[in-house]
Amino acid sequence: ASTAPCCGHALSWRENVPVISWLMLRGHCAHCGAQITPRYMIVELLTSIAFAWVAWQFGLGLQALVYALFLALAIALFFIDLESFLLPDRLTLSMLWLGLVAGTLGYLPVTLSDAIWGASVGFLLPWSINQLYRRVRGHDGFGGGDFKLLAALGAWTGWAGIVPILCVASVLGLLVVGVAGILSRRQLEMTQAFAFGPYLIVSGLSVLLASL
């Protein structure tokens, strides 16, 4: 059963209704009164909107289920990487295999062959860039999870979507990090790490939605 992150209190069904429970409790634990981050409500709200869009776009069927799972994985990975700088293999690889299954079933805007090439190029392109960067700078420029995430997105968008996804994500990441540095009046270091997964996801979703 679900538990409160602050005290481990087992949640009743009334305390575990997506979005509504968080609002009814005003963002506080019903047991100990500690504040609960609005991230939970935001994830629930985004997932609800995503599922509603899938039902409107594809109706109720297996294709809708496949895309709903994809969007649920994308939302989870977005917030996990944003908070922990981690992209769990069980999520990125699930997204990858789900894309290949969707390609086999004919649910993608690209052919199965393009999906396989997209996964391959999505992994090898950033991996190659990272190898070159490591030789020049002496440390990694990408996290290993980014390779797998881009491979997963490539399975959904095809090989032609890899370069646009990577370029748009890079520009978004630099803009957001740069603006955040200006607003916080902090000098950014060239070696400073930041979560790149969220930008890959936003860019990948944009490319995928544009092709539907």
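**Notes on the predicted model**

1. The largest nonpolar core has 42 residues, and those with the most contacts inside it are Phe70, Met95, Leu149, Trp156 and Leu200. A nonpolar core here is a set of buried Ala, Val, Leu, Ile, Met, Phe, Trp, Tyr and Cys residues joined through side-chain atoms within 4.5 Å; buried means under 20% relative accessible area, exposed over 50%, and partly exposed in between (1.4 Å probe, protein chains only).

2. This is a predicted model, in which local features need pLDDT of at least 70 and side-chain atom pairs count only at pLDDT 80 or more, while totals for chains, interfaces and linings use all residues. Residues are numbered from 1 along each chain as its sequence is written, and side-chain values use heavy atoms, with hydrogens and water left out.

3. Helices (H or I, at least four residues) are DSSP runs, numbered from the N terminus. Leaving aside residues up to four places away in sequence, Phe70 touches Met95, Leu98, Leu153, Trp156, Leu205 and Leu208, where contact means heavy atoms within 4.5 Å.

4. The structure holds 3 salt bridges, each being a side-chain nitrogen of Lys or Arg within 4 Å of a carboxyl oxygen of Asp or Glu. In one of them Glu83 pairs with Arg39, the closest N and O atoms being 2.8 Å apart; because Glu83 lies in helix 3 and Arg39 in helix 2, the pair ties together parts that are 44 residues apart in sequence. Glu83 is exposed at 54% relative accessible area, whereas Arg39, at 25%, counts as partly exposed.

5. Lys148 forms a salt bridge with Asp89, with the closest N and O atoms 2.9 Å apart. Lys148 lies in helix 6 and Asp89 in helix 4, so this pair joins parts that are 59 residues apart in sequence. Arg134 forms a salt bridge with Asp140, and there the closest N and O atoms are 2.8 Å apart.

6. How many disulfides are there, if a disulfide is a pair of cysteine sulfur atoms within 2.5 Å? The count comes to 0 disulfides. For Cys6, the nearest cysteine sulfur is that of Cys32, 3.5 Å away, and for Cys7 it is that of Cys29, 3.8 Å away. Cys6 counts as partly exposed at 38% relative accessibility, and Cys7 is partly exposed at 35%.

Conventions:
A disulfide is a pair of cysteine sulfur atoms within 2.5 Å. Helices (H or I, at least four residues) and strands (E, at least two) are DSSP runs, numbered from the N terminus.
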